[in-house]
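Trainee: I have a model open on my screen and would like to learn how to read it. Could you walk me through it, one feature at a time?

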Amino acid sequence: MAKGKATVFFCQSCGYESSKWLGQCPGCKEWNTMVEEPAAGKKGGGISGMSAKRAAAPVSLKEVDLQEGERMTTRIAELDRVLGGGIVPGSLTLVGGDPGIGKSTLLLQVCRHMAADGRRLLYISGEESLQQIKLRANRIGEFSDNLLLLCETNLETVEQTIRKEMPAVAVIDSIQTMYREEISSAPGSVSQVRESTNVLMQLAKGLGVSVLIVGHVTKEGTVAGPRVLEHMVDTVLYFEGDRHASYRILRGVKNRFGSTNEIGVFEMKEEGLLEVKNASEFMLNGKPEGASGSVVSCSMEGTRPILLEIQALVCRSNFGIPRRQATGMDFNRLNLLMAVLEKRLNLQMSDCDAYVNLAGGMRIVEPAIDLGVAMSVASSFKNRAIDDRTIAFGEIGLSGEVRGVSQASQRVAEAAKLGFTTCILPMVNAEQIREKGGLTIIGVSSVRDAIDLI
């Protein structure tokens, strides 16, 4: 009887390798993530042969020559903001998102702008035909001859093409469709994704070619395949938003060359993704006037202040256990703020259903919107509307105090620019900010002081 091929078990979360199946991965402690894959031959995992020779001998930190290369602008300001100023030559960037969110459209627009600047680009598609790419390109606009297209899934052919053409930027759409013939597992498996990413990393670092990778997203919202994929790349970008809505949010999750706090806001149109220059005005579009339970608050995304509407609906419950629902914010944070209102302000909402929604599809984890959430809940419970030209932000503690937040002056300036007349903020921040453009500054030290203003 012929002996079967040797197999090993890989963890889908962290890439841990084991000779036998394990219920819990020893590396990341996740359960039921071990999958069986054929054992691949050992290959060199270095960046390149020349780099390996240079790294063989240790050198002093002072002897390292630090030459920061010039970034390549994509001429899409929102994308350049998230990347930290543009694409770094020789970098490896992963773009993930739900199906139909606009990943391929955005990268094709990047290719169009950079090709118009005289750079040579290579777009490699493993999912669409040349005709399908052409149809999308016709909607976006006119393309120059500097953009080359290739429909291929064989990794060796892709590698040879990149070495031959030597483009400034290469786009891989998508990494889950690439495969190497020496590995017998199917495309998209742990072995294939890890090997494909390793080869592309060698090409990016060895040849100085910037590689942009498209990654599929699982139902949990993470990039499909082993988590080692995110560890290997230099930058990880995620597209957020409902594909049936017009807005898109590009968020940097990992960036070795810049901040991970910046976001880019886009709007999907027939001709492609358009930048939203004023995200605050876009998020407040359609806000109802004179409605109870509606308050405008401000959140910082990196260096960018974004005003958003917080909507709350509090009504009597018909069940023994009241229902709580939070959209766009942490559910446990909502329960905490309602407990503070009940304890410190004696607002009896234990028999009420409460629904809180951040309009515009934003997901905020910053505690600076606590004051806005508390005021919107109290406004709906008392059925008293808050002035439409009022904005509130601040963090609320368990004793009901309103704590200071960072970058308060930028938040106030953004509110004044959009025509707000009153700003309710922590007393600590109010003492350091002067009135701007007719905007009245009201400092509060407790949540009771803020609710009394209603």
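Trainee: Let me begin with I162. Which helix is I162 found in?

Mentor: I162 is found in helix α5. Keep in mind as we go that this is a predicted model.

Trainee: Is I162 buried or exposed?

Mentor: The idea is to look at the relative accessible area, where buried means under 20%. I162 has a value of 1%, so this residue is buried.

Trainee: What is I162 in contact with, leaving aside its neighbours within four places in sequence?

Mentor: The partners of I162 are L122, I124, P167, A170, L203 and L207.

Trainee: How do I read the packing of two helices, say α5 and α6? At what angle do they pack?

Mentor: You take the angle between the helix directions and the distance between the axes. Helix α5 covers residues 155-165 and helix α6 covers residues 190-207. Their angle is about 10° and their axes are 11 Å apart. Angles under 35 degrees count as roughly parallel, and therefore α5 and α6 are roughly parallel to each other.

Trainee: Which residues of α5 and α6 meet?

Mentor: From α5 come L155, E159, I162 and R163. On the α6 side they meet E195, S196, V199, L203 and L207. Notice that L203 and L207 were also on the contact list of I162.

Trainee: Now a strand residue. Where does T93 lie, and is T93 buried or exposed?

Mentor: T93 lies in strand β4, which runs over residues 92-96. With a relative accessibility of 3%, T93 counts as buried. Beyond its neighbours within four places in sequence, T93 is in contact with V211, L212, I213, T235 and L237.

Trainee: And the backbone? What should I look for there?

Mentor: Then look for departures. One is the cis peptide bond that joins D173 and S174, with omega about 5°. S174 has its place in the loop between β7 (169-173) and α6.

Trainee: What about phi? Where is R75, and what is its phi?

Mentor: R75 is in the loop between α1 (49-56) and α2 (77-83). Its phi is positive, about 60°, although R75 is not a glycine. R75 counts as partly exposed, at 44% relative accessibility.

Mentor: N346 is another case, with a positive phi of about 60° although it is not a glycine. You will find N346 in the loop between α9 (331-345) and β16 (352-358). N346 is exposed, with a relative accessible area of 54%.

Trainee: Let me step back to the whole chain. How many helices and strands are there?

Mentor: The chain has 13 helices and 21 strands. Its C-alpha trace spans about 80 × 55 × 55 Å along the principal axes. Of the 454 residues, 49% are buried.

Trainee: What do contacts and charges say at that scale?

Mentor: For contacts, look at separation in sequence. Of those between residues at least 6 apart, 67% join residues at least 24 apart. For charges, compare mean positions: those of the 51 positive and 53 negative charges are 3 Å apart. Finally, the accessible surface is about 21,900 Å², and carbon and sulfur atoms account for 49% of that surface.

Conventions:
Residues numbered from 1 in each chain as written. Predicted model: local features only at pLDDT ≥ 70, side-chain atom pairs only at ≥ 80, totals over all residues. Heavy atoms only, no water. Helix = DSSP H or I, 4+ residues; strand = E, 2+ residues; numbered from the N terminus. Buried < 20%, exposed > 50% of the residue type's maximum accessible area, 1.4 Å probe, protein only. Contact = heavy atoms within 4.5 Å. Areas by Shrake-Rupley, 256 points an atom, 1.4 Å probe, with all protein chains shown as cover. Lys, Arg positive; Asp, Glu negative; His and termini not counted. Charge placed at Lys NZ, Arg CZ, Asp CG, Glu CD. Axes fitted to C-alpha atoms, helices over the stretch in contact; angles between N-to-C directions. Parallel < 35°, antiparallel > 145°, perpendicular 65-115°, else oblique.
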